[in-house]
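Some notes on this model follow. Please read them beside the coordinates.

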Amino acid sequence: MTEIERIIVDYHRMTKITPKQIPKSVTWDHVTWEYWERLVIDRATNSLEHIQVIGSGCKISHKYEVEGGIESLLDNLGLEELFEVAIGDPDEMFTDPNETRDYTITVDYKTKPQRIISGSFDKHGLPTDYAEFAETVFDFIHVYGLGEILAPAVYCKARRTRNDYIFCSVEFDKGGKSYYYLTEDETFEVGDLVLVPVGNNDRTVVVEIVDIQYFTEDDAPMPLDRVKSIIERYVSDIEYRNTAVLSREPLPDCTPDTIRIWLKEHCGECNLAKAFAVAHNQTGWLMHDLDENDDAITRKKYESWWELESELCQRIIDILIIEDPEGTVQRKSGDKGTHHVITPFMIRNGFSDGSGWWIGDYADLFVE
């Protein structure tokens, strides 16, 4: 591996703009607007600097001096030969007479001669590994963000009083309806993933915190005894491999009768398992909605899905009873409940128990 000492990426865009109205007294027919960028990653100064020059009177600079970080970044970029191959623009490539985008990349090595690569700044003109390089540098910069003095999450946050309760608003679906959960953990931040209980049987679901507010008991948006509490921070898929991540309503535009019709046309226990899984998950989702807002429309929808779930569950139990002449299925049903009884049936048809949600592939339920 040859150690890289410095990388400089220069970018230049030149655009010709033709005004709608040109004074008669001038001899030109267009104006030229120029834009430059420079990225410098330098081992000697232990710095990364990104500079933008917009027109003739605007210069923007961001500089990152990270001890050990720049060295590590350059070492990682130098694991393979960097910027070795560029495809080149084909001969028949269309050329825009009003705009050019060019680049020059300069790489300085510790023991090798300097390399200079230049060309058209586009997919074919750039080195084939430029996208990987750009993503690596972007990820490095993105870690540090834009600080806190301009962040609403910081300057809009009030200090908690002794009588305040912490209310976290969470979303099950990105951009969807938010729900309140309580916590005593003051380290939670907006954007954190946490585990929360859902529904009457408190299924565990992973959600995202989208807002954090402090309320006294008198000012709380809803009675404290109606607000459930966050279980804990979500750490990793490995640690919670048996916990379902159900982020949206399974089949919001579907009805129980649609499932019944589909099942008549698609026989077999595999399709029965699919239909039951979606009915069970849809019922659980609506149960959560009822916890938050018990209105007549949601309740009617919930009851219709619960009826289908019970109906399909009984069909599965009937199959298991036939396979079990000794009657152990019926005894287990009385001792542990139907969920535990039908688990072997669901597993053999490709589903797993994700803490109360049936996890598997029913995306093709209505696809021929």
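1. In the protein chain, 63% of the contacts with a separation of 6 or more join residues 24 or more positions apart. Contact means heavy atoms within 4.5 Å.

2. Basis. This is a predicted model, where local features need pLDDT of at least 70, side-chain atom pairs count only at pLDDT 80 or more, and totals for chains, interfaces and linings use all residues. Numbering starts from 1 along each chain as its sequence is written, and side-chain values use heavy atoms, with hydrogens and water left out.

3. Burial and surface. Of the 368 residues in the protein chain, 38% are buried (under 20% relative accessible area, 1.4 Å probe, protein chains only).

4. Sheet. The protein chain has eight helices and 13 strands (DSSP runs: H or I of at least four residues, E of at least two). Five strands form an open sheet, order 8-7-10-9-11, with antiparallel pairing. Strand 8 (178-183) and strand 11 (232-233) each have a single partner strand, so one side of each lacks a neighbour in the sheet. Pairing requires at least two DSSP bridges.

5. Strands 7 and 10. Strand 7 (residues 165-171) and strand 10 (residues 203-215) run antiparallel, joined by seven bridges. Tyr165 stands opposite Phe215 in strand 10.

6. Helices 4 and 6. Helix 4 (residues 256-265) packs on helix 6 (residues 296-323) at about 30 degrees, axes 9 Å apart. That makes the two helices roughly parallel (angles under 35 degrees). Helix 4 contributes Pro256, Ile259, Arg260 and Leu263. Their partners in helix 6 include Trp305, Leu308 and Arg315.

Technical notes:
Axes are lines fitted to C-alpha atoms, for helices over the stretch in contact, and angles run from 0 to 180 degrees between N-to-C directions. Angles under 35 degrees count as roughly parallel, over 145 as roughly antiparallel, 65 to 115 as roughly perpendicular and the rest as oblique. Buried means under 20% relative accessible area, exposed over 50%, partly exposed in between (1.4 Å probe, protein chains only).
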